[in-house]
Amino acid sequence: MLNERLTQALNDQFNNELQASHAYTAMAAYFSKRNYHGFANFFLVQSREEHQHAMRFYDYLVTMDEKPALQGLEAPKNDYSSALEVMESSLEQEKSVTANIYDLVSLADELQEHATLSFLDWFIEEQMEEEKMFRDIITRLKGIEEGREYFLKMDDEFAERKLEE
Ligand code: FEO
């Protein structure tokens, strides 16, 4: 069993990851409708990754003899003005997740919950990587025009992205 506040915070993050998965599926749909199937694939993979993150919280709660509790999902943003706006929104979303993870680490530290601190280490690394990934894509997109040759090359590149198990 875990401290009640910590259980609540872990459950909140379980649901935040599901919400992130939902938001990335909406981004995929935005690109699918515009026939940029590589970008759509990139976000479908991203959405599945977020679902995997959620299930890490699920599994951890179960391991610690606590119950994962599902909350309602909010409607995600469905419309964007450009690929750049989608990527900038993604980076903001990841920054917000990073802040949530840091809050969780602070709480686990305050409560001296060492197993939880160890569990959260993986997420600190992952957030660093995800923020970098979106920053790099934003830099590339800022230098090009949507729909032109280099943009289509990026679409081909993103078509290759696969889920890492
Ligand atoms: Fe699970 Fe992209 O944070």
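Which residues does Thr-98 touch, leaving aside those up to four places away in sequence? The neighbours are Gln-127 and Glu-131, where touching, or contact, means heavy atoms within 4.5 Å. Thr-98 itself sits in helix H3, residues 83-110. With a relative accessible area of 9%, Thr-98 is buried; buried means under 20% relative accessible area, exposed over 50%, and partly exposed in between, using a 1.4 Å probe and protein chains only.

Before going further, a word on what you're looking at. This is a predicted model, so local features need pLDDT of at least 70 and side-chain atom pairs count only at pLDDT 80 or more, while totals for chains, interfaces and linings use all residues. Residues are numbered from 1 along each chain as its sequence is written, and side-chain values use heavy atoms, with hydrogens and water left out.

Now step back to the whole protein. Helices (H or I, at least four residues) and strands (E, at least two) are DSSP runs, numbered from the N terminus. The C-alpha trace spans about 55 × 25 × 25 Å along its principal axes. Of the 165 residues, 45% are buried. The accessible surface comes to about 9,100 Å², and carbon and sulfur atoms hold 49% of that; such areas come from the Shrake-Rupley method with a 1.4 Å probe, and for residues only the protein chains shown count as cover. Among contacts with a separation of 6 or more, 82% join residues 24 or more positions apart.

How do the helices sit against each other? Two packed helices are described by the angle between their axes and the distance between the axes. Here the axes are lines fitted to C-alpha atoms, for helices over the stretch in contact, and angles run from 0 to 180 degrees between N-to-C directions. Take helix H2 (residues 37-63) and H3: they pack at an angle of about 10°, with their axes 13 Å apart. That makes H2 roughly parallel to H3; angles under 35 degrees count as roughly parallel, over 145 as roughly antiparallel, 65 to 115 as roughly perpendicular and the rest as oblique. On the H2 side, the contact is made by Phe-39, Phe-43, Gln-46, Glu-50 and Phe-57, and on the H3 side by Val-86, Met-87, Ser-90, Glu-94, Ile-101 and Leu-104. These residues divide into seven nonpolar, two polar and two charged. In this scheme Ala, Val, Leu, Ile, Met, Phe, Trp, Tyr, Cys and Pro count as nonpolar, Asp, Glu, Lys and Arg as charged, and the others, Gly among them, as polar.

H2 also meets H4. Their axes come within 12 Å and cross at roughly 170°, which makes H2 roughly antiparallel to H4. Among the H2 residues involved are Phe-42, His-53 and Tyr-60, and among those in H4 are Phe-119, Trp-122 and Met-133. The contact of H2 with H4 divides into 14 nonpolar, three polar and five charged residues.

Next, the inside. In soluble globular proteins, nonpolar side chains tend to be buried together. A nonpolar core is a set of buried Ala, Val, Leu, Ile, Met, Phe, Trp, Tyr and Cys residues joined through side-chain atoms within 4.5 Å. The largest one has 22 residues, and those with the most contacts inside it are Phe-31, Phe-39, Phe-43, Met-87 and Leu-141. Helix H1 (4-33), H2, H3, helix H4 (114-142) and H5 each give two or more residues to this core, and the largest share, five residues, comes from H1. Apart from it lies another core, of 20 residues, including Leu-10, Ile-101, Leu-104 and Leu-107.

Beyond residues up to four places away in sequence, Phe-39 touches Phe-31, Met-87, Leu-141, Phe-151, Met-154, Asp-155 and Phe-158. One of these, Phe-151, lies in helix H5 (residues 149-159) and counts as buried at 1% relative accessibility. The neighbours of Phe-151 also include Tyr-36, Ala-83 and Ile-144. Phe-151 and Glu-4 are 147 residues apart in sequence and 49 Å apart in space, C-alpha to C-alpha.

Finally, two loop residues. Asn-35 is in the loop between H1 and H2, and Asp-65 in the loop between H2 and H3. Asn-35 has a phi near 65°, a positive value in a residue other than glycine, and phi of Asp-65 is near 65° too. At 54% relative accessibility Asn-35 counts as exposed, and Asp-65 counts as exposed at 54%.
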